[in-house]
Amino acid sequence: MNRSQPVNQTEIHAIDARELLKRYAAGERDFSGALLTGTDLSGVSLGGADFSRSQLNGANLANAILSTVNLSEANLAGADLSQANLFGAFLSGANLSQTMLRAANLTEADLSGASLVRADLSDALLHLTCFAEADLTGANLTGARLCGAKMWKANLCEANLHGADLCDVNLCEANLCGANLDAVDMSETSLTGTTMPKGEVYG
């Protein structure tokens, strides 16, 4: 009999908000693969926790403190993260489609390869945030502060960037076809190979 069989690391575990917070308060940080669909976690503090590959779709995380949290490959579709603090969070490969991120702090967060289709990032803090190869089709980025963000090969087709700060942003090879760039600050923005709103390729 083989007693050294590997543990299935992708198994999904259902957990409610009360149990989650109790375990977090006791020092536990690994909640990878947790099933938290539709859970109300508004205003909670879960900094440094691991929710990679977890199901948080439809969850309420408004005003939550989630700095340096690992949400890579997590499902956050339709979740509410309004005004949440996600400073330095890891969201690479995460599903954030139609997620509410209004006025959220995503400074220095990693959203490379994430899906943000029709997500609301209006007035969000996105300084030095990595969106490399992310899908932001139809996303709302009005008034977002993206100074220094890395958006190499990002898909921003039909995105609304009205009044956004794109100073020193790397948009090389990004797709801005149909995007709204009215009143946008693009000083020192890198646009080599970028598809512009009317379909022309810059540089």
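What radius of gyration would a compact globule with 203 residues have, and what value does the protein chain have? A compact globule of this length would have a radius of gyration near 17 Å, and the protein chain has 18 Å, which agrees; the radius is taken over C-alpha atoms, and the globule rule is 2.2 Å times the number of residues to the power 0.38. The model is predicted: local features need pLDDT of at least 70 and side-chain atom pairs count only at pLDDT 80 or more, whereas totals for chains, interfaces and linings use all residues. Residues are numbered from 1 along each chain as its sequence is written, and side-chain values use heavy atoms, with hydrogens and water left out.

The protein chain contains one helix and two strands, in the order β-α-β along the sequence; these are DSSP runs, with helices being H or I of at least four residues and strands E of at least two. Of the 203 residues, 44% count as buried (under 20% relative accessible area, 1.4 Å probe, protein chains only).

A disulfide is a pair of cysteine sulfur atoms within 2.5 Å, and the count by this rule is zero. Cys167 is in no disulfide, the nearest cysteine sulfur, in Cys147, being 4.2 Å away. The sulfur of Cys172 lies 13 Å from the closest cysteine sulfur, in Cys130, which is too far for a bond. Cys167 is buried, with a relative accessible area of 17%, and Cys172 is buried at 15%.

Methods: Buried < 20%, exposed > 50% of the residue type's maximum accessible area, 1.4 Å probe, protein only.
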